[in-house]
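Please examine the sequence and the structure shown below.

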Amino acid sequence: MKKVIAIMLFLLFVQAALRASECYHYHTKTTYKIVHVKGSPFLEITVMDPNGISMEHQRCISMLQVGNDVKMINRNGDNMLLMDDDAYYLLASEFSDVNQVTPVKIADRKDVQATFDADLLYMHGKWFSFSFDPYAKKITKTATKLFPDKPIVLAQFQNRRYLLKDDKHIYCYEGTQLTAEIIEGLNPATIQCLKLENNEDKYLLTDGNTAYIYDVSIFEQMDVTESLLSLDLKRPFTVKEVARNWLNSFVDFNDGNIWCYISAGLDLQDGTTAYLYPVKARWLNEQHEFINKEGKIYYNGWDLINDQPPMNLKAVAQPRLLEITASGFYFDGTAFYKDQDGEGTLEPVTWLNKDSKFVNGVYSYQKGIPNFFDDGRQLVFDDNNTLAKKRTIAHQSVLKDLKLAYAYDDKLLIENKEIPNSADRESMELLGSTVDVIEGCDGGRGQIPVVIEYNYFFRDKNHIYGYHSGDQALTLIKTVVPHTIEKDNYEQLRELKKKMLD
């Protein structure tokens, strides 16, 4: 027994050590863009912070043997399909140690009637896939085994997965394959394709006669036609709406019922399993996230089906107007409410008034601003979305959104702290931001703190200002004329950083 316990403790220790590993680059995203420098095409590669604005790094690689009018048609990872006036090209390469790249010509432009994804070209009545072996310097051209001549995208997902249709069939297609798969039994002329889950894995496919729940993550379909018929849904099936809240999906077939989607299935008395189950009910209001069943209000579809206790709205002034806000709080036009215990009993959030507006914070690595509320007189930060407020900041002016900061009065809220703002608030705007990676990883076991610092640059009608993480105020950059700086110009931002530190 002691040996078993010791092994378990060791495994827990190993798992904890693995979880502790952290690197900044786990959270960044790389973007690619074709730009022109002195009339010549370059591939611009930018590593972006999680906030989507701050640039950790950017460089440009010269592109050889393509026209100056070259465009990026599509991209998948490092595979790029390019086109200029004369030809189509494939750019499939690692860019870490090169200063120039030569896209490989794969077809004359006059021979290509259509393209799909980053590697399929429709030529002479047939779809072909192209791949490039950088070691053998060889292009491989392969005819697809099955692909619709004129594909229409019904839905597109991560990992190059698609649901497609043409005038004959419905298809699923994965970009790593050279063939699409026909989803049998569906009429493309009447097909409806509707997302069932917020994570985009499950879709409802119906042509009015047949209905599938389709799992895109594994390309697997479940025929729910007989289940719907056994629950008295009449053909043709016509989906009026699929509504979703944080917990559930509901399907409205316009038959007087609201059909609750139960992803794990609902076992019925006849021994069958239903994944869509009807309840005689209606939407509470136009938001379509609450359901009114005989005067009882539900949020959870499982509770609705099983006649569990409804939501307790005794403290809500106007239950019929109740909606869920982006903040996670409920609102009825007069007050905000919170389901504090998770049991459906709403309690007033007394520190918010009806004029409070939810404001998105800034999601930057280590230096963000949490979401907050603004009622025109104060900024209010809650304590992890509970009924307790954490702090307030009084203000008199209108709040100005600067993307990575907020300006009000003569103050600036940046990196979740308030500093003096010496810029003209009315004309102030964000020029861009860069990232300094002081320590990118924690060493694998958390023994080294990950340290990331940001540089922010703003301008008003008169000047340019800089701010570096930890500073107590903006730095006036006197030697640069504001209108000479382009927004999000990485090289200019680097020069501004040098001047800010001088």
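How much space lies in the largest pocket? The volume is about 360 Å³. This is a predicted model, in which local features need pLDDT of at least 70 and side-chain atom pairs count only at pLDDT 80 or more, while totals for chains, interfaces and linings use all residues. Residues are numbered from 1 along each chain as its sequence is written, and side-chain values use heavy atoms, without hydrogens or water.

A pocket is an open set of points on a 1 Å grid over the protein atoms alone, where a 1.4 Å probe fits, with protein on both sides within 12 Å along at least five of seven lines; lining residues have an atom within 4 Å of a point. Its volume is the space filled by probe spheres set on the points. The lining here has 18 residues, with Tyr299, Asp339, Gly342, Glu343 and Gly344 nearest the centre. Strands S27 (296-298) and S30 (336-339) each give two or more residues to this lining; strands are DSSP runs (E) of at least two residues, numbered from the N terminus.

An open antiparallel sheet has the strand order S36-S37-S38-S39, two strands being paired if DSSP finds at least two bridges between them. Its edges are S36 (400-401) and S39 (417-420). S36 pairs with S37 (405-408) over 2 bridges, and aspartate 401 has tyrosine 406 as its bridge partner in S37.

Leucine 412 is in contact (heavy atoms within 4.5 Å) with residues including Tyr406, Ile419, Phe458 and Leu474.

Key
Helices (H or I, at least four residues) and strands (E, at least two) are DSSP runs, numbered from the N terminus. Lists of a residue's contacts leave out its neighbours within four places in sequence.
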